[in-house]
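Dear colleague,

I am passing on the structure below, and my notes on what was found in it follow directly after. Please read them with the coordinates open.

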Amino acid sequence: MLPSLPMRSARSRGVIERYRAFLSLSETMPVISLGEGSTPLLHSPRLSDIVGRGCEVYIKYEGLNPTCSFKDRGMTLAVSKAVERGAGIVVCASTGNTSASAAAYAARAGIRCAVVLPAGKIASGKMVQAIAYGATIVAINGNFDDALRIVRELGGREDFAIVNSINPDRIAGQKTAAFEVVDELGDAPAAHLLTLGNAGNISAYWAGYSEYHTAEKCSRRPAMLGFQAAGAAPVFHGRVIENPETVASAIRIGNPASWETAVAALRDSDGAVDVVTDQEMLSAQRWLAAKEGIFVEPASAAPIAGLFKICDATRASRYRRDQIQDGTALVCTVTGHGLKDPDIVLQEAAAITPIPADTDEVLRALSF
Ligand code: F0G
């Protein structure tokens, strides 16, 4: 199973080999990897201008993982450990990305994958992935929170391994994203902005920054700033939302599994949770694609919309612009690729009517 030739690039080796020293692993665990992690940390000149006062904004582009979302970092570890324990089936509830990732890593491992999904609520690109990777798909008449409750019950069976983020291996794998940020910037940023859904990722980043801080790899830990969709904001409101609603289907979640660790991360980091509206997410998604060439799915645009909100003096924001020190670095994680959810962009696009195949007609149509 191990490659006979040495793998030199960090990307090809994946996050387990890259960060083995920070993951508790046995020597004999089989490594199921698709070359996840080592994603670009892109400087954003335009966002840096918006924040101003010498601050630099960076985008951690997690859509460039093997299944095009951040889930792959945790899935490599969760599936490797499941295989080591002898599980024959990995199972998860999902709003789409976890199922795509679980299906891919199960295929790579040669084991089965079962996914429980809210019917009609999965973006088409994610559904396509689960089908292509050969997962057994069960759609329920319920939401993500219902699906996760069912999966928790199924997980009690011997041959099943749950690969949702209630599995600590998922969080352990995902914390490698914080390591990469520090390794690249040379220190932790002053603030880290990200989408908050089932609350695993914010918990994972905080664990990663904390471990690196203890290991003296960074001099500080960032303020963690989490952003929820206004219609699906249980952590923001401090109560379960029975019927969460948002255009950002990835984070249509009313009762997050890692709620307590997320609240601890927000508190211990002097961070904050805030909400952004669907319209703000969609506008930020368009802005990031058109202004910086970075195309992300709607949920992933939440921290960009959140940064705009922080920088807009007319808005009441839970984290204020004056809490950001001059000349510091900020990182926004964008969690999933825009092609995951093409329909949302197509819906808003104007119809493109064909014209005759004639150069003059084309020039006229371009009207530059
Ligand atoms: N961004 C994307 C693109 C996601 O798919 C998710 C969660 C999040 C952000 C939120 O991250 O849950 O760690 O707070 N997606 C899960 C799924 C729920 O099933 O794919 P979180």
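Leu194 stands opposite Gly226 in β8, and strand β7 (residues 191–195) is joined to β8 (residues 223–229) by 5 bridges, the two running parallel. Strands here are DSSP runs of E with at least two residues, helices are runs of H or I with at least four, and both are numbered from the N terminus; two strands pair if DSSP finds at least two bridges between them.

This is a predicted model, in which local features need pLDDT of at least 70 and side-chain atom pairs count only at pLDDT 80 or more, while totals for chains, interfaces and linings use all residues. Residues are numbered from 1 along each chain as its sequence is written, and side-chain values use heavy atoms, with hydrogens and water left out.

The open sheet has 6 strands in the order β1-β2-β10-β7-β8-β9, with mixed pairing. Its edge strands, β1 (41–43) and β9 (272–276), each pair on one side only.

As for the ligand, Ser94, Asn198, Ala199, Asn201 and Thr335 come nearest among the 20 residues around it, where a residue counts as near if one of its heavy atoms lies within 4 Å. Polar contacts (pairs of N or O atoms within 3.5 Å) include a backbone N or O atom of Thr98 at 2.8 Å from a ligand oxygen atom, and a polar backbone atom of Asn198 at 2.7 Å from an oxygen atom of the ligand.

Finally, helix α13 (residues 302–311) is mostly covered, with 8 of its 10 residues buried (under 20% relative accessible area, 1.4 Å probe, protein chains only).

Best regards

Notes. Buried < 20%, exposed > 50% of the residue type's maximum accessible area, 1.4 Å probe, protein only. Polar contact = N/O pair within 3.5 Å; in protein donor to acceptor, adjacent residues only side chain to side chain.
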